[in-house]
Every structure is written in C-alpha cells, then in structure tokens.
Amino acid sequence: MEGLEVAFIVITFGSTAATDKFNGIWMATVGASLALLIVVILGLAIRGPLTKIPENTLKFSVDIMLVTFGTFWAGEGLGIQWPYTDLFLFVLITFFLALSVILINWLKPYGIRQKKLASAGGNG
C-alpha cells in the first residue's frame with residue numbers, strides 16, 4: 001500500500017511542479033527513486049537498533065508524523081498561512097503528542113476494566 005501511495009504522491013506533485021507535466025513527473029520519479037535508495041540503505045544500516053523499538057511505539061510515532069504532515073498539508077491546501085511556515089510542524093507535533101497522552105490517560109481505566117472483565121470471564 002505504501003508504494004502505491006508514494007506513486008500517487010509522485011505523480012501528483014510531479015504533474016503540478018513544472019509547467020511541462022512530463023518533465024515534472026520525470027523529475028519527481030527520479031527524486032522518489034533516490035529517496036527509495038536512501039531509505040533502503042539507511043534501513044539496512046540501522047536495522048538492528050530499529051528491531052529493539054517496540055512495534056506499537058514505532059507505529060505510534062509514524063502515526064503522529066502522518067497526522068502532523070496531513071494536517072499541515074491539508075491546511076496549506078485550504079489556504080492557511082502557517083505562522084513560522086515549516087517550523088509550525090513542531091507546534092503540530094507537540095499538539096498531537098499532548099492530545100494523544102491526554103486521550104490515552106483518559107481511556108486507560110476503561111482498558112484496565114475490560115482486561116479484568118475478560119480475565120474473570122465476564123462479557124462486559
């Protein structure tokens with residue numbers, strides 16, 4: 001799925017980045033190919049340390065980044081002029097992390113209660 005998403009992003013950005021759509025798509029494809037090569041090399045180089053990170057922590061971090069960038073780009077698409085331009089991404093990351101911590105702590109008692117019910121054989 002991620003590869004398909006990258007292909008759509010490359011085509012979209014490439015077709016709008018240059019006046020000549022073919023040239024724009026070609027340059028975006030070259031850029032995406034270089035990015036893929038860098039990611040594969042880095043992935044092989046830091047594979048060991050990455051395997052020590054718990055899967056849920058890794059997913060949580062990636063999701064925070066996706067929501068942050070999605071919000072930022074959606075805002076730009078709607079014409080929002082972010083204060084401090086790209087540096088506002090750090091404000092959004094901080095906001096989404098704080099919101100996540102608040103929601104996790106708020107919902108934690110419900111998860112504990114469900115575990116107790118499940119271990120006692122109850123249906124909840």
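A search of the whole structure, which is a predicted model, finds 1 salt bridge. The protein has 5 helices and 0 strands, and its pattern along the sequence reads α-α-α-α-α. The points below go through the salt bridge, the surface, the aromatic rings, the core and a loop.

**The salt bridge**

- The partners are Lys59 and Glu55, whose closest N and O atoms are 3.0 Å apart.
- Both belong to helix H4 (residues 55-77), and because they sit 4 residues apart there, about one helical turn separates Lys59 from Glu55.
- Lys59 has 45% relative accessibility, so it counts as partly exposed.
- Glu55 has a relative accessible area of 54%, which means that Glu55 is exposed.

**The protein as a whole**

- The protein has 124 residues, and 12% of them count as buried.
- Its accessible surface comes to about 10,200 Å², and carbon and sulfur atoms account for 73% of that surface.
- If you take the contacts between residues at least 6 apart in sequence, 32% of them join residues at least 24 apart.

**A nonpolar patch on the surface**

- Look on the surface for a nonpolar patch formed by Ile46, Leu50, Ile53, Leu58, Val62, Met65, Leu66, Phe69 and Trp73.
- Together these residues have about 780 Å² of accessible area.
- Helix H4 provides the largest share of the nonpolar patch, with 6 residues.
- Leu50, another member of the patch, is found in helix H3 (residues 47-51).
- With a relative accessible area of 37%, Leu50 is partly exposed.

**Aromatic pairs**

- How many aromatic pairs does the count come to? The count comes to 4 aromatic pairs.
- In one of them, the rings of Phe69 and Trp73 have centres 5.4 Å apart and planes at 40°, so this pair is tilted.
- Phe69 and Trp73 are both in helix H4, where they lie 4 residues apart, about one turn of the helix.
- Phe69 is partly exposed, at a relative accessible area of 33%, and Trp73 is partly exposed too, at 47%.
- The rings of Phe95 and Phe96 make an edge-to-face pair, because their planes are at 65° and their centres are 5.2 Å apart.
- Phe72, Trp82 and Phe88 are linked into a cluster by ring pairs.

**The largest nonpolar core**

- In soluble globular proteins, nonpolar side chains tend to be buried together.
- Which residues make up the largest nonpolar core here? There are 7 residues in all: Ile64, Phe72, Trp82, Phe88, Leu89, Leu92 and Phe96.
- H4 and helix H5 (88-120) are the elements that give two or more residues to this core.
- H5 gives the most to the core, with 4 residues.
- The clustered rings of Phe72, Trp82 and Phe88 belong to residues of this core.
- Phe96, also a core residue, is in contact with Ile64, Val67, Thr68 and Thr71, leaving aside its neighbours within four places in sequence.

- Ser100 has its place in helix H5.
- At 17% relative accessibility, Ser100 counts as buried, since the cut-off for buried is under 20%.
- Not counting residues up to four places away in sequence, Ser100 touches Phe60 and Ile64.

**The loop between H4 and H5**

- Tyr84 lies in the loop between H4 and H5, and Thr85 is found in that loop as well.
- Tyr84 is a residue other than glycine, yet its phi has a positive value near 60°.
- Thr85 is not a glycine either, and its phi is positive at about 45°.
- Is Tyr84 buried or exposed? Tyr84 counts as exposed, at 68% relative accessibility.
- Thr85 is exposed too, with a relative accessible area of 54%.

Notes
Residues numbered from 1 in each chain as written. Predicted model: local features only at pLDDT ≥ 70, side-chain atom pairs only at ≥ 80, totals over all residues. Heavy atoms only, no water. Salt bridge = Lys/Arg side-chain N within 4 Å of Asp/Glu carboxyl O. Buried < 20%, exposed > 50% of the residue type's maximum accessible area, 1.4 Å probe, protein only. Patch = residues over 30% accessible without salt bridge, like charges linked within 9 Å, V, L, I, M, F, W, Y side chains within 5 Å. Areas by Shrake-Rupley, 256 points an atom, 1.4 Å probe, with all protein chains shown as cover. Phe/Tyr/Trp six-rings, centres within 6.5 Å; stacked < 30°, edge-to-face > 60°. Core = buried A, V, L, I, M, F, W, Y, C linked by side-chain atoms within 4.5 Å. Contact = heavy atoms within 4.5 Å.
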